Amino acid sequence: QVQVVESGGGLVQPGGSLRLSCAASGSFFRMNVMGWYRQAPGKQRELVAALTRGGATNYSDSVKGRFTISRDNAKNTVYLQMNSLKPEDTAVYYCNARGRDYNLIDFDSWGQGTQVTVSS
């Protein structure tokens, strides 16, 4: 079973930066995509950024040019560098990992979430 654990959230002033980390643990045959989602109070969970095994990225229009997703394959870790943060970026950020295990069964794992609050 693949587990993912996020870290790096916190309180930051508008215009500031934070870096989130997401580490995947457990054995798996192939990791297809890792990504970040967020959910603000009263809103649906939305995709923030995703990174495929082949290196393709996908960003929400609201974060393009401000956020960057990257990975360390050796550590099975994906990062989200968030710059020029705005109050509307305040949300719980969730890491997601999708792939296939050694039984050739697809997995879709979510972390517990980490709070990001942008406020002066």
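These legends go with several views of one protein chain, shown here as a predicted model.

View 1. Start at the N terminus and walk along: the elements run β-β-β-β-β-β-β-β-β-β-β. The C-alpha trace spans about 50 × 25 × 20 Å along its principal axes. For 120 residues, a compact globule would have a radius of gyration near 14 Å, and this chain has 14 Å, so the two agree. Buried residues make up 42% of the 120. Now look at contacts between residues with a separation of 6 or more: 52% of them join residues 24 or more positions apart.

**View 2. Four strands line up as an open sheet.** Read across it and you get the order β1-β3-β8-β7, with antiparallel pairing. Which strands sit at the edges? They are β1 (3-7) and β7 (67-72), and each of them pairs on one side only. From one strand to the next, the twist averages 15°. Strands of a sheet can pair parallel or antiparallel, and backbone hydrogen bonds do the joining.

**View 3. Zooming in on β1 and its partner β3 (residues 18-25), we find five bridges between them.** The two strands run antiparallel. Pick out Gln 3, for example: its bridge partner in β3 is Ser 25.

**View 4. Phe 28 and Phe 107 make a tilted aromatic pair.** It belongs to a set of three aromatic pairs in the structure. The rings lie 6.0 Å centre to centre, with 55° between their planes. Phe 28 is in the loop between β3 and β4 (30-39), while Phe 107 is in strand β10 (residues 106-110). That puts them 79 residues apart, so to speak, linking distant parts of the chain. Are these two residues buried or exposed? Both Phe 28 and Phe 107 are buried.

**View 5. Phe 29 and Tyr 102 meet edge-to-face.** Their ring centres are 6.2 Å apart and the planes stand at 70°, so this pair counts as edge-to-face. Here too, distant parts of the chain are linked: Phe 29 is in the loop between β3 and β4, Tyr 102 is in the loop between β9 (91-100) and β10, and 73 residues separate them. Phe 29 is partly exposed, with a relative accessible area of 46%. Tyr 102 has 58% relative accessibility, so it counts as exposed.

**View 6. Arg 45 lies over two aromatic rings, those of Tyr 94 and Trp 110.** The charged end of Arg 45 is 3.7 Å from the ring centre of Tyr 94. For Trp 110, Arg 45 lies over the face at 4.8 Å from the ring centre.

Note on methods: Residues are numbered from 1 along each chain as its sequence is written. This is a predicted model: local features need pLDDT of at least 70, side-chain atom pairs count only at pLDDT 80 or more; totals for chains, interfaces and linings use all residues. Side-chain values use heavy atoms; hydrogens and water are left out. Two strands pair if DSSP finds at least two bridges between them. Axes are lines fitted to C-alpha atoms, for helices over the stretch in contact, and angles run from 0 to 180 degrees between N-to-C directions. Rings of Phe, Tyr and Trp (its six-membered ring) pair if their centres lie within 6.5 Å; planes under 30 degrees apart count as stacked, over 60 as edge-to-face and the rest as tilted. Buried means under 20% relative accessible area, exposed over 50%, partly exposed in between (1.4 Å probe, protein chains only). A charge sits over a ring if NZ of Lys or CZ of Arg is within 6 Å of the ring centre and within 35 degrees of the ring normal. The radius of gyration is taken over C-alpha atoms; the globule rule is 2.2 Å times the number of residues to the power 0.38. Contact means heavy atoms within 4.5 Å.
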